[in-house]
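Look over the sequence and the structure first.

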Amino acid sequence: MASELNIHICIDVLDSAEELTQQERDAIVLAQETANDAYAPYSNFLVGAALVLEDDTMFKGSNQENAAYPSGLCAERTALFAMSAHYPNKKIKLIAVTARRRSEQHFLPAMPCGACRQVMAEYEHKQGDPIPVLLQGPEGKFYRLRSVGDLLPFQFNKEHL
């Protein structure tokens with residue numbers, strides 16, 4: 001007889017930046033500023049990511065496109081890989097992600113792609129602690145997730161190898 005597995009995911013929906021902590025606001029602002037520096041001449045979709053490390057160091061990344069698809073890299077992975085190269089043993093306290101179209105000034109809902117979710121999950125598993133995720137939501141709202149696991153509940157990791 002089949003059984004049912006229920007997964008409970010809690011997402012805080014914040015109506016404005018005023019509901020964010022100061023550190024979360026700083027991370028969102030850095031992600032937004034970094035999105036403006038994205039190299040996205042083909043999609044014109046600018047994405048920025050900001051990481052807050054355990055010592056409050058902030059690290060950033062933007063999407064980097066390439067004419068030879070799929071040789072580009074998303075903002076989240078750019079930030080994570082660069083951070084890991086510079087600070088391989090530091091834990092991540094927060095990941096913030098924002099996005100906008102080059103032709104518009106307002107920011108859009110920013111949802112990490114599947115590949116980025118898997119990479120984020122790898123870093124969460126590596127550090128052994130949840131990594132909260134802060135996403136730009138629609139109409140000035142923000143989504144706060146307590147863990148990358150809320151974005152990717154069935155994660156593939158080294159225990160599966």
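## Helix α2

This is a predicted model. Helix α2 covers residues 75-86, 12 residues in total. At 1.5 Å a residue, it should span 16 Å. Its end C-alpha atoms lie 17 Å apart, which agrees.

Which residues of α2 are buried? They are Ala 75, Glu 76, Arg 77, Thr 78, Ala 79, Leu 80, Met 83 and Ser 84. These buried residues pack against β2, β3, β4 and α3 (114-127).

## The largest core

The largest nonpolar core has 25 residues. Leu 51, Leu 80, Ile 92 and Ile 95 touch the most other members. β2, α2, β4, α3 and β5 each give two or more residues to this core.

Leu 80 belongs to α2's buried set. Leaving aside residues up to four places away in sequence, Leu 80 touches Leu 51, Ile 92, Ile 95, Val 119, Met 120 and Tyr 123.

Another core lies apart from the largest one. It has 12 residues, among them Leu 14, Leu 30, Ala 31 and Leu 134.

## Helix α1

Helix α1 takes up residues 22-35. Its 14 residues should span 20 Å at 1.5 Å a residue. The end C-alpha atoms are 20 Å apart, in agreement.

The buried residues in α1 are Glu 24, Ala 27, Ile 28, Leu 30, Ala 31, Gln 32, Thr 34 and Ala 35. An α-helix has 3.6 residues a turn, so residues three or four places apart point the same way. What covers the buried residues of α1? The cover includes β2 (45-53), β3 (58-62), β4 (92-101), β5 (133-136) and β6 (142-145).

Technical notes
Residues numbered from 1 in each chain as written. Predicted model: local features only at pLDDT ≥ 70, side-chain atom pairs only at ≥ 80, totals over all residues. Heavy atoms only, no water. Helix = DSSP H or I, 4+ residues; strand = E, 2+ residues; numbered from the N terminus. Expected span 1.5 Å × (residues − 1). Buried < 20%, exposed > 50% of the residue type's maximum accessible area, 1.4 Å probe, protein only. Contact = heavy atoms within 4.5 Å. Core = buried A, V, L, I, M, F, W, Y, C linked by side-chain atoms within 4.5 Å.
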